[in-house]
Amino acid sequence: MALLTLADAHLAFGHVPLLDGASFALDAGERVALIGRNGAGKSSLLKILAGLERPDDGALQLQGGLRRVYVAQEPSFAPGSTVFHAVAEGVAEARALRERYEQHADGEDLDALQSRIEALGGWTWEQRVDAALQRLHLDPQARVQTLSGGTAKRVALARALVAAPEVLLLDEPTNHLDIDAIEWLQDLLVDWRGALLLVSHDRAFIDAVATRIVELDRGVLRSYPGRFAAYEEAKARELNAEALAAARADKLLAQEEAWIRQGVEARRTRSVGRVARLQRLREQRASRRERVGRVRLELDAGAPPGKIVAELQDVTLRFGERLLVDRFSATLLRGDKVGLIGPNGCGKTSLLRLILGELAPSAGRVRRGTNLRIAYFDQLRSVLDPQATLAETIAPGSEWIEIAGQRKHVMSYLGDFLFAPERARSPVRTLSGGERNRLLLARLFALPANVLVLDEPTNDLDIETLELLEDLLQAYEGTVFLVSHDRRFLDNVVTSTIAWEGDPAFGGRPGLWREYAGGYEDWKLQRARGAVAGIPGAAAPAAARTGAPGDATSAGPARARTKLSYKEQRELDALPARIEALEAEQKAIGERLAGAELYTREPERVAELNARYAQIEGELASALERWEALEGR
């Protein structure tokens, strides 16, 4: 049975329905990723499921005594509290009940109090808080107002985990976290025993954590079991079928409209039933919610710079006693797309400013190219004036902008970034985080530049806009410097990676940076090989260090080919048919889970079908591995 079920929910702000008959069920042990366009209503839905807001219509049903904990995008804490007290807020009910029990207040039912305290684990709440602090590497005496965004997010997660809820609701949990922290959170959530619903645009994170993807699209929730790649394939088929159905309906409506407008004789003999059908077609067309258009991105690379953008030779950078860069050398050429990765505070921005000439090195030499025109994307959005209008932000003092030699009206240009004309005169302060990032991209791309510096451009952008931005940067002829913690985005954009490897736990030294070919996954692979070769500072991932199966460094000599036995040959002959049958069964289950009918008519079967879908995934993997092993012999 589902832990919580939302049925026929409606929610609207103004004339825009965010939920339009949406239904959803969350089963025990499920890990569901909720995705959708910016402004589609994901955070509002999460708050409804957390009990913080109510829908305009519809019903939310919960199992009796269900404990839910919600972690917001920007967590808040009591002013002046320490990390220990902030985390202890997660066991506030258990603390209060134990205090009442210890005070022996008159009229209290001590047996009932004791039972409730035991159910909440209230006798050991201090030990649970201490264990969470140690697990998340948090200083219990630190003041929460002094913490960075990433550390504050870890405190909020610790507060949620000590509550031991059956349902954990996370809104953009990877915001402000660096790659190491994101991978740590992945492992934590995969091991989480309760049910999980998270809102995220990080595709690699979703793939690692989620067992099911639910998309909020035009007020309706659609379910897609499995990984993100499976969702993309299913969504493409759905959109294609929807476009064909809409085209057929529009053609039929046009034919009927032409018929009704025929001459007097035709109107005199027209069918009453046909007129009624025309009216229904008109109503259906008027009620159809079209999919919101896609952002249209264009970049003007401007005049090309020289062949060399920057050349660094044994460059060192110090701030006081702190060594940020130590003897780093690299040659960066026109057209390179360079990713900078490393934990928060390691000096990525300082190294970038050193490369671009904004900082002078403490030692070494930096030679910069000629004719560099640089455009910055600032993750803090400091270049946006909250009081200025959208139009003023894009084209101060003018109604026109020029891109690649063509003039374009500012209203049309804002429309390319999904801003309606009536919003062009609205102040920037009224925009959401995702909308501000879209506006910053619009401002950035309105400037001719042959060097783009993007500092965390993926924060708050929806997945579709991320993919469009990837395509744009891949085709961009200029040079790109990208600071990001989005691993999939790095892999899809950059051609080389400059990585911080100064962690002394892995043999690194302060200020150690290295350049690698390829993106994030390429860096991990090359770093693992470097560790095997004994290069200082290189560290292998867990699989390489433990000699896990599949790691090239731990593979033994290839086995000689041997003839199959009669039984093995029969098994090999039967495997293709078995694989095909499993794939067909999985596809049929996926289609049932993707539809709304199952959740309204047979909600009790959802858990069973999800379990079978996952079981087939394992059977398929085993069958494919067995087929590959037999075929290889």
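Which residues of helix α5 (residues 125-135) are buried? They are W125, V129, A132 and L133.

The model is predicted: local features need pLDDT of at least 70, side-chain atom pairs count only at pLDDT 80 or more, and totals for chains, interfaces and linings use all residues. Residues are numbered from 1 along each chain as its sequence is written, and side-chain values use heavy atoms, with hydrogens and water left out.

**Terms**
- Buried means under 20% relative accessible area, exposed means over 50%, and partly exposed lies in between (1.4 Å probe, protein chains only).
- Helices (H or I, at least four residues) and strands (E, at least two) are DSSP runs, numbered from the N terminus.

**Helix α5**
- The buried residues W125, V129, A132 and L133 cover an arc of only 100° around the axis, which puts them on the same side of α5. The arc is that of the directions from the helix axis to the C-beta atoms.
- An α-helix has 3.6 residues a turn, so residues three or four places apart point the same way.
- The cover over these buried residues includes α2 (83-88), α3 (92-103) and α6 (149-162). Contact means heavy atoms within 4.5 Å.
- Just after α5, H137 has a positive phi of about 55°.

**Strand β3**
- Six of the six residues of β3 (residues 31-36) are buried, so the strand is largely enclosed by the rest of the structure.
- R31, A33 and I35 are buried on one side, and V32, L34 and G36 on the other.
- β3 pairs in the parallel sense with β7 (residues 195-199) over four bridges. Two strands pair if DSSP finds at least two bridges between them. R31 stands opposite L196 in β7.
- β3 also pairs in the parallel sense with β8 (residues 212-217), over five bridges. There, G36 has L216 as its bridge partner.

**Salt bridges**
- The structure holds 21 salt bridges. Each is a side-chain nitrogen of Lys or Arg within 4 Å of a carboxyl oxygen of Asp or Glu.
- E89 and R159 meet at 2.9 Å, N to O. E89 sits in the loop between α2 and α3 and R159 in helix α6, 70 residues apart. E89 is partly exposed at 33%, whereas R159 is buried at 19%.
- E470 and R203 meet at 2.4 Å, N to O. E470 lies in α16 (residues 463-475) and R203 in α8 (residues 203-209), so the pair ties together parts 267 residues apart in sequence. E470 is buried at 5%, and R203 is buried at 2%.
- R578, E585, R612 and E619 are linked in a network of salt bridges.
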